[in-house]
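Thanks for coming. I will talk about charged side chains and how they pair in this model.

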Amino acid sequence: MALQDLLCCRPRSPPPPWPLPPPCPVPADTPCPLPHGTTTLAFRLAQGVVAAADTRSSCGTYVACPASRKVLPVHARLLATTSGTSADCATWLRALRCQLALRRQEDGREPGVAEAAALLAGGLRAWRGRGLCVAVALCGWDRAGPGLWYVYSDGTRLPLDVVAVGSGSPYAYGLLDGAYRPDMPPAAAYALARRAVAHAARRDAYSGGCVDVFHVRRSGWVWVSRGDVGELGGLARALGPTEEEEGAEQTSVDQYKPAGTSLEHH
């Protein structure tokens, strides 16, 4: 028997029912099935706001990008640390830049950090419950001086002096709570930011890569440094201040040491 005869003798499957059943709806609040994490932090100083973050972007058990940028510029005096879904953070910060540009054209002045936080929180609040994952710390300098605001995807906005966001934030807070001072010199602040993020990267599996440190000043933001925490030399520098920073810290301690006292234990 030929092959075509065998094919003609095969029983045919019944046709599908018509109309076809509708696809199963997916709830809007379905959580992302892939675990992800990061470590970002920021704190206020008299000389501005210092922000730092790791550079590892994870997707489940895979490292999607080892050198991503998690501290993004909004304008010349405003930065944003991003934690959550990268696409959501990038999209909403792009929308925030457009809103601030329109407000600048209408008012003839640069909107403040609190105004930027209110605009971002208002937009996110309208999309609450849609599965967005955005956690942003806005770090800037305006007419009121240095400002730091935390904005979450449910519309929450909080003015803070110290903030750490991400899966590595508990480890970062462990160092920030004991060493942060609002009057510390910038060199010591850079060392503390590097040390906190590098410590979190050692303990948190979803944080790693490098440590980016930024400083928002009156004149604008500057990118201070990027250090690789995976190398032994870079990790040692991140976990401890350099000689210049140790000198700056010692100078700061001497300034606040009462006269006639000593910090040494006898």
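There are eight salt bridges in the structure, a salt bridge being a side-chain nitrogen of Lys or Arg within 4 Å of a carboxyl oxygen of Asp or Glu. This is a predicted model, where local features need pLDDT of at least 70, side-chain atom pairs count only at pLDDT 80 or more, and totals for chains, interfaces and linings use all residues. Residues are numbered from 1 along each chain as its sequence is written, and side-chain values use heavy atoms, with hydrogens and water left out.

One of the bridges pairs Arg 44 with Asp 161, with 3.0 Å between the closest N and O atoms. This pair links distant parts of the chain, 117 residues apart: Arg 44 is in strand E1 (residues 40–45), and Asp 161 is in the loop between strands E9 (157–159) and E10 (162–165). Helices (H or I, at least four residues) and strands (E, at least two) are DSSP runs, numbered from the N terminus.

Buried means under 20% relative accessible area, exposed over 50%, and partly exposed in between, with a 1.4 Å probe and protein chains only.

Next, Glu 115. Its salt bridge with Arg 103 has the closest N and O atoms 3.6 Å apart. Here helix H3 (residues 113–126), holding Glu 115, is linked to helix H2 (residues 86–107), holding Arg 103. Glu 115 also pairs with Arg 143, at 3.8 Å. Arg 143 lies in the loop between strands E7 (134–142) and E8 (145–152), 28 residues from Glu 115. Shared partners join Arg 103, Arg 109, Glu 115 and Arg 143 into one network of salt bridges. Within it, Arg 103 is partly exposed at 27%, while Arg 143 is exposed at 61%.
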